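Please have the sequence and the 3D view open as you read.

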Amino acid sequence: SSSSWLQQHSRISSRTSFAWQFHRMSLRTLGLCGVDNSVDVELLRLISLRYPRAEFGVLFREDKEGQPRYPTSAWVSALSETAVNSMPPMRLAAHLCGRRCTELLASGNFEWVKTYLMPLGFKRIQLNSTKVNGVEIPDFAVASKNLRAVISEIQEVEWIIQANTETRELWEPLLNEQNPPHNVSILFDASCGTGVLTTSFMPPPRNGIPCGYAGGLGPDTVLGVLQSLRRGVVTGRIIWIDMETKLRSIVDGKDTFDVSKAQAVCKAVDKEGWEQASEPEVDAVPPPPPPPNAKVSGHPLLAHKMTLLRDHSTAPREFRQLLREITFHLGYEATSTLLTMPRSDVVTPVGPATGDKAVRLSENVALVPVLRAGLGMVDAMLELIPNAVVHHLGMFRTHGATGRPIEYYSRLPKDSVADLSFILEPMIATSRTAHAAIAKLKGWGCQKIVVLSVIASHHGLAELQKSHPDVSIFSVQVDHTLREDGYIVPGLGDAGDRQFGTPAGNPMSRGVYGSVFADGKTPSGVPPTPPRSPNPFKKSSPEHQPVTRVLGEHAEYGNPDLIPEVELTEASATPLTTHDGAYGPEPVLMNWGAKTPELRGPVLATSRHMNQRNAIGAHSGGYSIYRALAVVSSKLDDTYMPKLGMTTPVARIGPFPAWHDPKRIVTIDPFGHVISEGFGPWLERGYDIRPTIAITKAHIELPECREALATGRLKADGAVLTPEGQSFVTKAAIEPVWYLPGIAERFGVNEDDLRQSFFKETNSMYPELLTRKDLKLFLPPIGGLTVYIWGDPEKIPDESVELTVRVHDECNGSDVFGSDICTCRPYLTHAIEECIKTAQRGGTGICVYFRKEGRALGEVTKYLVYNMRKRQEGGDKATEYFNCTKEVAGVTDTRFQVLMPDVLHWLGVTKIHRFISMSDMKHDAIVSTGRACGDRSQGLCRLPLGQILRDGKGREHLGTG
């Protein structure tokens, strides 16, 4: 058993006790840097075709463009086009030198990376931040901060930091972090790119940051360095090596990239082995035995077939046949304990057969392949058990070793539970998918479950033993290394891709190739699929021409022809969900925080563009259900397009610097009110883009204002307030548009955890929160907000002009109906009076009204709390208000004021002279964003008792207003 094995080897040193885990040092990529105009890109393509792990590094330095090692932009474009169209696509890496590197580190400006490099397919970007590479860093502390911001902002890029003594302040802090960014790597290069041979090597980071090594590598040195690395510090790790200087030659007096040297390096590495087993230690502990519920075959015939199955050169057709043959033999062993019952009706040519000579299977058997890889095991098992029923279970594991399995298909019948179920899963790696499948079948009611897997990790088997010791597992072989991304090593790759020839399993497959760009990510710059729907709109459609303008030069488009043609959703099928990286979805550009609508892209979340939409959810939140009712009842044509030209804002708000800061605004589309102006070219192409903000003017008439006029608290001036008590306002209705990475950062949580929580707490309403990590926008089904402005809105950004602000959270009972159990309306009307006075003094007053009924817990919860308050011992007491809320809801408040300041940033607020609120949470949320909030003593909402309704007395001091 495993426990006896541990006891037997407990005295062996720690150096050897886990030696069995580290079977291989793998070369992730082989970096060949310095490709330039001296080499034909077709020759590079041929090298890539022969050696798919070869990666071509392109040096970018403006002041040397066109010189040796620094190609021209035209050559880079040709290389990019060849790389994307190759089979498989070529690996490319960008090495930033000179001004491009300095600008990124000194100012945090990554615009060039997003608009130039990424569309060309560069998803690994190295920063050569040394003086020899033309980079001057005046302040490493600032550079380090900017670098971290860029790494966080562009997570689809793997950022490589060249590590040496000169750049120590950039990379050394990362080594000490317990949870470093997932998209950062380190290249140890003591030579700083000068080609000096390195003989001693830094150990890989202990916290798991991927690393590579460089320094003097070339045809004559690569073999020795590779062997030295494998014998030394990188045993059992996945690394890459990189070289540049030793790949150069002087040809006809010109410094050129020598293709023959590059090929010689690839040959040497290929001969040595991209993955090589480490030397076994004499006193090393043998691998532990499999758990007692796991049966591992030792049949030599299966070992032979498994070798063929593992071989990467095995084509899909042969892979499927081998998997079928292996499953047949494995299934033969797994069915050895099937229960039987006698038959009495069997007669042979020489007489009746009785007893154990005539039996039949007595159990109802189900085969449950886990889609899609398990499909390759079904036919073989049906040959063994022809009468077995087949139930398909669709599950997949999200990227990474810690990904939670997601079920997307299950049709297990309610009234027909099998006696015995065989789960067909070719590979057990982390065991999470197998565990989920077992749990599903147990919940279904199946009493006996057997798992068939051709290959398993020891870790996966051990985990299943802990959770399901009653489940038998049959496997052909067990590997003892589980990579941090969840892959078994050496394993056999992805069984589904290998079977069906999909990209990662078929080296001749076109299209998305899972392991080329950033090790499994597709380049965002691949051109969209050709349009399949006609453009129903003509350019300059009058219904979309804005009658007012806000953006000015920000609305100008440099090249509108880059907008992809519209693709209308076909009605022949309704997808349950979609998946990133799959055929079909082609979301349009969304570069949150970009300076102009052209660079940013529109928020596209209408049902007309299912494949091109870039947001999860629907416009108008919960009101989208009423739209659906209008459609299904034939009251609304779902193809109707709104005419937006005459709906433009009546007042100018923006643009402001905060609009271009992806950290300042994460809950509002700052361009939501200027759709026809900012995204006119998109509308002309037929895109259905909806405003999320509307700005209009109105007259507000409150009885409190008339009463204030009568008592002299307010005075009519005819401009802001009439003698009849009407005040003139500009108001803006705003629907939420949430940028998920920014929301996660505000709350200090992981974006994946945030998505999981949204998915769970909405009862699985939005599966794309889990399946579409490429969609970063979410239109939550919550209420929006309204902004009421007294005075001139264009004065808001002017810090010399007095500004009064009230942020009010909805209280329908008091605000509208004057309920006597709370004081919300008096606080609101008091703030309105102060806003009117400010506007009359030449300033501006703002009242922001959030739809967050009952502290965002809802009106039902709020009324339940009211009942508890009134029925508690001693009657209603203000001091027990929070306690009663927590007793009912489990929490006192879910308004989360950390999100509130976004609307103030959108309005251009930089200084508040009077803040009308008693809430420390609101005040602190504003101040934490760097906005000045004046002297609160002048703005605190201390109401006279005459303005507080009877049953609400006592709440005024709670600090919630």
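The structure holds 18 aromatic pairs, where rings of Phe, Tyr and Trp (its six-membered ring) pair if their centres lie within 6.5 Å, and planes under 30 degrees apart count as stacked, over 60 as edge-to-face and the rest as tilted. One of them is the edge-to-face pair of Phe60 and Trp112, with 5.6 Å centre to centre and 75° between the planes. Phe60 lies in strand β2 (residues 54-60) and Trp112 in helix α6 (residues 111-117), so this pair ties together parts that are 52 residues apart in sequence. Helices (H or I, at least four residues) and strands (E, at least two) are DSSP runs, numbered from the N terminus. Phe60 is buried at a relative accessible area of 9%, and Trp112 is buried at 17%; buried means under 20% relative accessible area, exposed over 50%, and partly exposed in between (1.4 Å probe, protein chains only).

A tilted pair is made by Phe758 and Phe778, with 5.6 Å centre to centre and 35° between the planes. Here Phe758 belongs to helix α23 (residues 751-761) and Phe778 to strand β31 (residues 777-779), so parts 20 residues apart in sequence are tied together. Both of these phenylalanines, Phe758 and Phe778, are buried. Back at Phe60 and Trp112, these two form one aromatic cluster with Tyr116 and Phe122.

A word on the source: this is a predicted model, in which local features need pLDDT of at least 70 and side-chain atom pairs count only at pLDDT 80 or more, while totals for chains, interfaces and linings use all residues. Residues are numbered from 1 along each chain as its sequence is written, and side-chain values use heavy atoms, with hydrogens and water left out.

Now to the charges. There are 49 salt bridges in the structure, each being a side-chain nitrogen of Lys or Arg within 4 Å of a carboxyl oxygen of Asp or Glu. The table shows three of them.

| Salt bridge | N to O distance |
|---|---|
| Glu158 and Arg124 | 3.1 Å |
| Asp661 and Arg664 | 3.9 Å |
| Arg713 and Glu833 | 2.8 Å |

Arg713 is partly exposed at 30% relative accessibility, whereas Glu833 is buried at 3%. In the pair of Asp661 and Arg664, Asp661 is partly exposed at 28%, and Arg664 is partly exposed at 25%.

Glu158 and Arg124 are both buried. Arg124 has a second contact to look at: its charged end sits over the ring of Trp240, 4.6 Å from the ring centre. The charged end of Lys852 likewise sits over the ring of Phe850, at 4.4 Å from its centre. For such a contact, NZ of Lys or CZ of Arg is within 6 Å of the ring centre and within 35 degrees of the ring normal. Elsewhere, a network of salt bridges links Asp809, Arg855, Asp893, Arg895 and Lys922.

What about the cysteines? The structure holds zero disulfides, a disulfide being a pair of cysteine sulfur atoms within 2.5 Å. Cys835 is in no disulfide, and its nearest cysteine sulfur, that of Cys847, is 5.8 Å away. For Cys847, that distance is too far for a bond. Cys835 is buried at 0% relative accessibility, and Cys847 is buried at 3%.

The backbone has some points worth a look as well. Most residues other than glycine have a negative phi, and most peptide bonds are trans. Leu371 and Arg372 are joined by a cis peptide bond, with omega about 0°, and Arg372 lies in the loop between β17 (365-371) and α13 (378-384). The peptide bond from Gly654 to Pro655 is also cis, with omega near -5°. Pro655 is placed in the loop between α18 and α19 (675-678).

Ser634 is found in the loop between α18 and α19 too. Although not a glycine, Ser634 has a positive phi of about 65°, and it is exposed, with a relative accessible area of 65%. Phe896, also not a glycine, has a positive phi of about 45°. Phe896 lies in the loop between α29 (881-889) and α30 (902-907) and is partly exposed at 45% relative accessibility.
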